[in-house]
Structures are given as structure tokens and as C-alpha cells.
Amino acid sequence: MEMDAPFVRKTARSAQMYREAARWIPGGVTANIKYFAPYPIVMDSASGAYLYDVDGNQYIDYNLCYGALILGHGDQRIIAAINDTFSQIGTTIFGTPHPLEAEMARVLVDLYPGIEKVRFTNSGLEATLLAIRLAMAWTGRKKLAKFEGHYHGSYDQVLISVTSQKRKREQRPVKTLDSLALPDYYAENTVVLPFNEWDQTEEILHQHRHEIAAVIMEPVQGGFIPPDETFLKRLRELTHQYGIVLIFDEVKTGFRTGLSGAQGLYGVIPDLTALGKVLGGGFPVGAVGGRGEMMEICSPAGGVDILTTEQRQPSLGQGQPLFHSGTYNGHPVVLTAGLATIQTLQESGVYPQLEANTTQLRKGMEEILNRYGIASQTIGVGSIFNLVLSDQPVRRIQDVLESNLSLRRKLDTHLLNQGVFIKPLNRFSLSTAHTAEVIDETLERLELAVKSLVR
Ligand code: PLP
């Protein structure tokens, strides 16, 4: 896919380094999402709200490692905490239990209403994978229900209907396979649901109610499309009724929609929760938390046998626990960075300020685009939002697909040219380093970008 507008910034070193990298790395990127045409910009330093590329250009960063960096780049509190941990523990990793694991687990249990016990992983992907496996063991069923357009990581079971196709509202969601080489088994055992369409969701779940182990979902789709007012509550009730495990994938929303994630914001409590991103303070992380008896089935200290008769599901059988492992799980440096992040977020006034700054940016963007006659709106929750070039309501991923994506792509290139970094077509994430002054600077750059776009 070609860019609709050329880079006008001097990015010759990026181009050259990208070409060089592509000799050794497929596509020159270590994750497919990092690619954009004609070439991704290669960064070599960062500070607070800013990124600096290898050609010396400065950008205000609204990607923030896909939302992970809620305190911005190189937050001194995180760095100081890591230095302290290193000087105290004298190693990079123990490979045994250590106090920070229980400390972080306790923090998560205190903050997330749906979490009674926790296991750590190294990525959001591993967290959703474990949550799904727990749900399958718990129910003894083998189908997974997921929502169209919801992303849960890059593995076979969930790379289905992530990208979605334009369709009419009354049509059923379409099952798409989002990678080569996905085994038929997963496509056959996945039920695709339409987000924010209650009647269809109810009907599909009813039809498969005896086979579905879990419904997994992003409670806020893509981190920016909120659920309709009653959608989550109804889903909670129905999954209870059918004995289906409800998994909230809060990898994006965790610590973004507030300290207790989307479950805290909407007051709907899932059985299992997957966390990632912000939880690691910029280091690789994931966690699964949930109902104690469900989490306990991966305990090697007795496994399912330590459950009481009432807790035990008939499907669980005897003895063998559900296997979960990972050499680096509960890494002390990662947990240190995460705890420092959470402590900072717990200081009074942090979320209100972050949200006020986000509102300032959203309003300013809408005002500028409106002034230049571009139909647009921002849509989001907490400190994440997206810019959708359409004046129609946005409740589903299809509404975004029906917006003016080609204009948005052009605008994104002009934004890059003006020093506002977002991954083209992606959402905007803010950090505490995005002060009111940074927002003003962003709006000035946006206006320049829009001017050159409409010229
Ligand atoms: N779930 C959601 C909602 C995500 O946004 C992501 C990553 O963007 C993942 C899971 C996968 O997390 P990771 O990239 O850490 O594997």
C-alpha cells in the first residue's frame, strides 16, 4: 500500500536503515504492526512526550508503544525504582518466587474487582491464551466466542475476525482468517459475535450455548469504541445463565480507563481478566487474574484437587493441574517498573489531569477539522481515543471502516511530516508527560498538517 502523501521531512537515514534492516529482518520490522508504507520511521531516542528519529527529527508521540507508556518515555520514577531493585537484589532474575510477585498480585487483587488470584506472563498474548485455556478447562467445552474486530494477540486461536469487513447492520458478523496457516480447528471452533449489537449477540450465544467455553472481548473495542450502556451488563447476565466464562481482555483498557480498568468504570465483573501494556511500565508483561477457584486449577500444589466440592466443576477431573509456565514470568525488573507506574497513577489528581488533557486535545482537533470543513469526530474512553473522519455515530468497527479512511491516511502522513507521531490509522494514546503545553503544540502542528492537506 502506497502512502497517499510523500514524506516531506528529511528521513533519508530512516529509509536507509530500514532497507538495511529488511536484509536481515522480514519486512524490516519485528512485529507486523510496526510497518507502514513507504517505510517506518526509525527512532533512536525519546524523552517524556517526544520521540527523536535517526535523522534528528522530533515528534510528539501519540503511539506510546501502543498505549503502554502511560507515564511517557523514560519516567525518572520508573528508572529510579529499577536502579534500586538492581542494587538490592544483585541479580537480573531469580528463577524462584520473590516478594515482588506477591506484592504486585496483591495490588491487582485490591484494584480489580474481578481479580482474586493472579498469574504473570510476558505479554498480553500469553495472558489471553492462558485465560482461554483456563475457561476451556473449567467448562469442559471447546468453542470460543469472540467479537468481530477485537484483538487479543498474535496466535492461532484469536487471529480470527480481527480485521472485519464492511457489512450491513442486520448481517451476521463475518468469519475471517487473519493469517496464513491457521489450522481449521480454530476457525471451526470460533463463534464470531457483533460488538454492540445485543439482539444478534444474544441469538448467536443462545444457539451455541452448550458448546461455548468463553466469551472473550475488549470491553472498549480497540481501546476507543465504548460499549453501549447495557451491553456489558446483559452479556454478563447471559454468560452467567449459560455457564460461559466471561473474559475481559483489558490489555489496552487496564490502568487506562482508571486504576480498575473497564470493569471498574462500567461496574461489570468478568470471571477472568487479561492485563498487559501499562502493567509493565514499558517492559514486556501480561497477567491473568480472576475468580480464585478458576485460577486455582493451574496450581501445581494440588491443582484441581484443592477445590471444594461446591467449587469443583464436573469437567475438571482428578489430579492434573492446567499447565502454565514461563521462564521469565514475574520478572523482578518488570514488576518493579509496573509497581512504580501504579504508585504514580495512584497519586491524587493524576487521572483527572490526564483525562482533562485528553479532552483538550480531542476538542481542539475537532474544532480545527471542523473549521477546515472536514467531517470528523474523536471517540474514546479515558486517555485513548481515535479520530474518525465521518459525522455518523461510531458504535462498531464497521462504522470506522465506512469513514473516510483514505483522507485519514493522508492526514496521518501530514501529521508525521509536522512531527506528530502516530501509526497511520491508529488510535491516539496520551501520557502524563503530555502536558497542556504539549497539547497546544500538537494542535499547532495539526493545523499545519490540515492546511497542507487541504491545500
Ligand atoms: N489484547 C489486546 C486488547 C491488545 O491490545 C494486545 C496488544 O495490542 C494484546 C492482547 C496482545 O498483547 P501483546 O502485544 O503484549 O502480546
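**View 1. S47 stands opposite Y50 of strand β2.** This is a predicted model: local features need pLDDT of at least 70, side-chain atom pairs count only at pLDDT 80 or more, and totals for chains, interfaces and linings use all residues. Residues are numbered from 1 along each chain as its sequence is written. Strand β2 covers residues 50-53 and pairs with β1 in the antiparallel sense, over four bridges. Strands are DSSP runs of E, at least two residues, and helices are runs of H or I, at least four, numbered from the N terminus. Two strands pair if DSSP finds at least two bridges between them.

**View 2. An open sheet of four strands runs in the order β1-β2-β3-β13.** Its pairing is mixed. The edge strands, β1 (43-47) and β13 (420-421), each pair on one side only.

**View 3. The largest nonpolar core has 110 residues.** Such a core is a set of buried Ala, Val, Leu, Ile, Met, Phe, Trp, Tyr and Cys residues joined through C-beta atoms within 7 Å. Buried means 20 or more other C-beta atoms within 10 Å of the residue's own, with C-beta atoms placed from the backbone. Among the residues with the most contacts inside the core are A131, L134 and I247. Helix α5 (residues 124-139) gives the largest share, 10 residues. Domain 1 (12-74 + 349-454) and domain 2 (76-345) both contribute residues, so the core lies between them. Domain bounds come from an automatic or database domain assignment.

**View 4. A214 is in contact with I132, A135, L144, A145, I244, V245 and I247.** Neighbours within four places in sequence are left aside. Contact means C-beta atoms, placed from the backbone, within 7 Å.

Conventions. Buried ≥ 20, exposed ≤ 12 C-beta atoms within 10 Å, placed from the backbone. Contact = placed C-beta atoms within 7 Å.
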